[in-house]
2 protein chains.
Amino acid sequence: MTSRQNRNRDRADRGIPEATVARLPVYLRALHSLQERDVATVSSEELAAAAGVNSAKLRKDLSHLGSYGTRGVGYEVEYLVYQISRELGLTQDWVVAIIGVGNLGRALAGYGGFASRGFRVAGLLDADESIVGQTISGMAVEHIDRLEDLIAERGVSIAVIATPAVAAQGLCDRVVASGVTSVLNFAPVVLSVPEGVDVRKVDLSIELQILAFHEQRKAGGPGDYEPLAAGDEPPGTTHYVEAVEA
Amino acid sequence: MTSRQNRNRDRADRGIPEATVARLPVYLRALHSLQERDVATVSSEELAAAAGVNSAKLRKDLSHLGSYGTRGVGYEVEYLVYQISRELGLTQDWVVAIIGVGNLGRALAGYGGFASRGFRVAGLLDADESIVGQTISGMAVEHIDRLEDLIAERGVSIAVIATPAVAAQGLCDRVVASGVTSVLNFAPVVLSVPEGVDVRKVDLSIELQILAFHEQRKAGGPGDYEPLAAGDEPPGTTHYVEAVEA
DNA sequence: GCGACTTTGTGCACCTATTCACAAAGGCTT
DNA sequence: AAGCCTTTGTGAATAGGTGCACAAAGTCGC
């Protein structure tokens with residue numbers, strides 16, 4: 001029934017679940033690492049272990065792309081790499097601009113994982129005159145005034161915002177006004193954008209806070225020792241605030 | 001029924017959904033920003049807008065902590081800040097070690113969002129002799145050999161791994177062996193840890209890949225133009241691989 | 001002190017995601 | 001060429017998360 005000829009049509013093309021999309025890059029990385037070790041074939045069990053998920057989930061995820069496995073054998077690594085890459089859109093080049101060249105921007109500019117997966121950094125921009133003109137990872141930092149020109153000239157399709165929080169929304173607006181519809185935001189603010197623009201957020205401190213929550217739970221949880229009897233505290237007293245505010 | 005005296009007991013203490021936990025830090029940030037503007041009271045509608053979620057979700061999330069709002073009025077900002085901080089465990093100090101002092105490690109070391117939310121960076125470690133001894137954000141970089149000592153001496157409870165991929169698992173093992181049960185991993189690998197240890201992953205390139213997927217969908221999606229007739233490709237041919245491998 | 005108005009907290013229905021468990025499929029051995 | 005063995009792909013059950021819509025609760029003006 002599923003001959004190799006019509007596999008592409010068999011997959012439910014327009015409906016890959018978001019949760020699956022978020023895991024595909026993880027599978028892809030595991031597959032690349034298998035490729036480096038010259039592994040030609042992998043079972044769902046092995047690949048799932050390498051990706052840190054359970055094997056049923058992996059198989060269901062892959063089944064959304066089509067039937068790329070062989071029963072009794074497993075998946076052909078190379079073929080699967082191609083199919084996932086294609087589904088994620090990594091077989092084409094994406095032009096990225098990095099806005100804000102502080103430590104984080106520098107880390108991003110030098111991150112090998114971008115270039116090797118179809119992402120080409122075409123511009124580094126900053127507002128700080130003392131940074132503009134510097135060469136970072138072989139690329140000159142340009143002034144933020146040139147943002148709109150640069151997006152248009154170089155065909156930027158993804159903007160990475162790595163600026164302080166206060167600057168982020170304004171820059172996001174400019175970027176969106178220039179036609180960019182995908183933004184990766186590292187600034188600790190919620191960006192508001194018009195319909196049709198995708199924003200993904202990476203927040204360093206949120207992850208730490210989630211860890212702290214679980215760590216606290218392991219140690220007994222809040223309320224067990226009641227650091228101060230908060231429930232009896234009349235609102236308006238302020239002394240508890242200094243515990244969390246720098 | 002819910003007098004202020006027994007609010008703490010009213011909340012369903014041991015069952016805060018994971019999805020809620022992940023949003024609490026976002027609410028907290030929005031609340032801090034309201035505090036700075038001297039706003040004393042906020043409705044679920046307003047706070048939800050500031051946090052970028054819908055108001056029913058916000059109310060349900062907060063209801064998991066207890067009943068901290070007043071019908072007809074809203075939530076008292078200061079009180080809510082305290083309750084969320086306490087639930088997340090931010091009223092106590094967390095001692096953090098940053099392992100790997102490349103650009104990313106530096107960015108993390110200098111990130112203000114840590115210090116101001118109960119996270120104290122107590123050590124910066126690296127294996128590179130030319131980095132050891134340097135002062136980053138007012139703190140001397142120490143040699144990775146001192147990892148175990150340092151964790152024990154300073155009571156490190158959270159380890160942040162910001163090293164190249166190859167080094168990450170080995171360092172993670174050492175950190176876990178020293179008793180750390182919370183790890184924040186920036187290296188692009190899946191870390192395996194024993195039961196009881198929490199790992200959270202932040203992956204810069206995965207987020208970009210997810211954006212690329214959606215960007216591609218906006219432009220018509222894969223399969224619409226069929227860059228090459230992949231379904232008809234016999235497995236074993238390799239020319240498509242160079243499209244995705246650096 | 002009362003009624004109108006606002007806003008919370010939540011029951012319910014829906015949707016998405018996860019996991020189990022197994023029939024169907026394919027390869028390999030004899 | 002037949003049967004055994006492995007592993008996929010997926011139906012069905014379960015769990016988890018979201019959002020609507022509204023009753024309950026509380027404030028504020030008069």
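# Exercises on a predicted protein–DNA model

UniProt lists residues 89-190 of chain A as "domain: CoA-binding", in an unreviewed entry. Its positions follow the numbering used here, feature names are shortened, and annotations may be inferred rather than shown by experiment. The model is predicted: local features need pLDDT of at least 70, side-chain atom pairs count only at pLDDT 80 or more, and totals for chains, interfaces and linings use all residues. Residues are numbered from 1 along each chain as its sequence is written, while chains are lettered from A and ligands numbered from 1 in the order in which they are written.

## Exercise 1

Describe residues 89-190 of chain A, then residues 26-65 of chain A.

**Solution.** Start with residues 89-190. They are 31% helix and 28% strand. Their end C-alpha atoms are 26 Å apart. Helices (H or I, at least four residues) and strands (E, at least two) are DSSP runs, numbered from the N terminus.

Now take residues 26-65 of chain A. The unreviewed UniProt entry names them "DNA-binding region". Here the chain is 70% helix and 5% strand. The end C-alpha atoms lie 15 Å apart.

## Exercise 2

Find which elements and residues surround DNA strand C.

**Solution.** First, the residues. A residue is near a strand if its C-beta atom, placed from the backbone, lies within 6 Å of it.

Next, the elements. H4(B) provides the largest share, five residues. Helix H3 (44-51) and strand E3 (74-76) of chain B are among those that each supply at least two.

The surface has ten nonpolar, ten polar and eight charged residues. Ala, Val, Leu, Ile, Met, Phe, Trp, Tyr, Cys and Pro count as nonpolar, Asp, Glu, Lys and Arg as charged, and the others, Gly among them, as polar.

## Exercise 3

**Solution.** H4(A) gives the most, with five residues. The surface near DNA strand D divides into nine nonpolar, eleven polar and seven charged residues.
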